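The questions below concern one protein chain, and each answer works from the coordinates towards a value or a name. Please look through the sequence and the model before reading on.

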Amino acid sequence: MTKIAVVAGASSGIGAATAGVLSRAGYSLVLGARRMDRLHSVAAPLGAKAIPLDVTDRDSVASFCVDVPKCDLLVNSAGCALGLSEVADADDAEWRWMYEVNVLGTMRMIRALSPALKTAPAGHVILVGSIAGYQPYAGGAGYNAAKFAVRGVAGALRQELLGTGVRLTEIAPGHVRTEFALVRFGGDRSRADAVYAGMTPLAAEDVAEAIGWAASRPSHVNVDHLRIQSVDQATTTLVHREGSQESTGAWS
């Protein structure tokens, strides 16, 4: 029988690239995101179902999951960072939004699809975290807190799923050239471009291929954690740019 994969945050970036990888692997796709025009442009060439989804809204998640007949694989790639303020200058609304999207959004999707995943022959949950959930950096506390929390959710969930046959994987990328930095800096293109200046970051497809690889392992194999970075990036703050290593202030 055809396996069904659900991808949250599929309108662009890693989510959109993952949809392509999973489609080529033979999955039937159910894609969710807030920007329906973008989502349809991803879904149409793949023959995928596109459904509105706002992971910060419990009712939206419930409505989305009603249209998911079964689920063999959930890829939760919905996430974001806002701003680069130090804790002393933190914005309540930015921190709250990052927690809603990255942490509570992750919980809502897993909670809603847990019954379907547990009844699947070999259910699998893949969470897109970040190296920011392993290495904090100045100015990133709000995003660090959210991604450290995702890492905590993954660790606890792995134990809770023991004996169910459902696998759990956390993929933690470093710099990936997507809309991530543009969103973080409120649409400031020059600041976003500076994140990747003088280095070769990962492409969304690189991370998507890693997701596809983890999903393609035999059902008795669980890839717990997979950190993936560009060869030009050693840590959240140490990046090789145009022949030199410099502390960049990090934006992963």
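Q: How many aromatic pairs does the count come to in this model?
A: The model is a predicted one, and side-chain atom pairs count only at pLDDT 80 or more. Rings of Phe, Tyr and Trp are taken to pair if their centres lie within 6.5 Å. By this rule the count comes to one aromatic pair.

Q: Over the face of which residue does arginine 227 lie?
A: A charge is placed over a ring when, for Arg, the CZ atom is within 6 Å of the ring centre and within 35 degrees of the ring normal. Arginine 227 lies at 4.7 Å from a ring centre, and the ring belongs to tyrosine 134.

Q: What is the radius of gyration of the protein chain, and what does the globule rule give for 252 residues?
A: The protein chain holds eight helices and eleven strands. Its radius of gyration is close to the value that the globule rule gives for 252 residues, so the chain is as compact as a globular protein of that length. Along the principal axes, the C-alpha trace spans about 50 × 40 × 35 Å.

Q: What share of the contacts with a separation of 6 or more is made by residues 24 or more positions apart?
A: Of the 252 residues in the protein chain, 50% count as buried, while the accessible surface comes to about 11200 Å², with 53% of it belonging to carbon and sulfur atoms. Among contacts with a separation of 6 or more, the share that falls to residues 24 or more positions apart is 68%.

Q: Which elements are included in what covers the buried residues of α5?
A: Helix α5 runs over residues 141-160, and its 20 residues reach 28 Å from the first C-alpha to the last, close to the 28 Å expected at 1.5 Å a residue. Its buried residues are Gly142, Tyr143, Asn144, Ala146, Lys147, Val150, Ala154 and Leu157. What covers them includes α4, β5, β6 and α6.

Q: Is valine 125 buried or exposed?
A: Valine 125 has its place in strand β5. Not counting residues up to four places away in sequence, valine 125 touches Leu74, Ile110, Leu117, Val166, Arg167, Leu168 and Thr169. The relative accessible area of valine 125 is 2%, and because buried means under 20%, this residue is buried.

Q: How far apart in space are lysine 118 and cysteine 71, C-alpha to C-alpha?
A: Lysine 118 belongs to helix α4 and is partly exposed, with a relative accessible area of 43%. Leaving aside neighbours within four places in sequence, lysine 118 is in contact with Leu161, Thr164 and Val166. Lysine 118 and cysteine 71 are 47 residues apart in sequence, and their separation in space is 9.0 Å.

Q: With which residues is glutamate 179 in contact, leaving aside its neighbours within four places in sequence?
A: Glutamate 179 is found in the loop between β7 and α6, where it is partly exposed, with a relative accessible area of 27%. From glutamate 179 to leucine 202, 23 residues apart in sequence, the C-alpha to C-alpha distance is 13 Å. Leaving aside neighbours within four places in sequence, the contacts of glutamate 179 are Ser12, Arg35 and Arg38.

Q: What is the relative accessible area of proline 121?
A: Proline 121 lies in the loop between α4 and β5, and its C-alpha atom is separated by 14 Å from that of leucine 161, 40 residues apart along the chain. Since exposed means over 50%, proline 121 is exposed, its relative accessible area being 80%.

Key: Residues numbered from 1 in each chain as written. Predicted model: local features only at pLDDT ≥ 70, side-chain atom pairs only at ≥ 80, totals over all residues. Heavy atoms only, no water. Phe/Tyr/Trp six-rings, centres within 6.5 Å; stacked < 30°, edge-to-face > 60°. Helix = DSSP H or I, 4+ residues; strand = E, 2+ residues; numbered from the N terminus. Expected span 1.5 Å × (residues − 1). Buried < 20%, exposed > 50% of the residue type's maximum accessible area, 1.4 Å probe, protein only. Contact = heavy atoms within 4.5 Å. Rg over C-alpha atoms; globule rule 2.2 N^0.38 Å. Areas by Shrake-Rupley, 256 points an atom, 1.4 Å probe, with all protein chains shown as cover.
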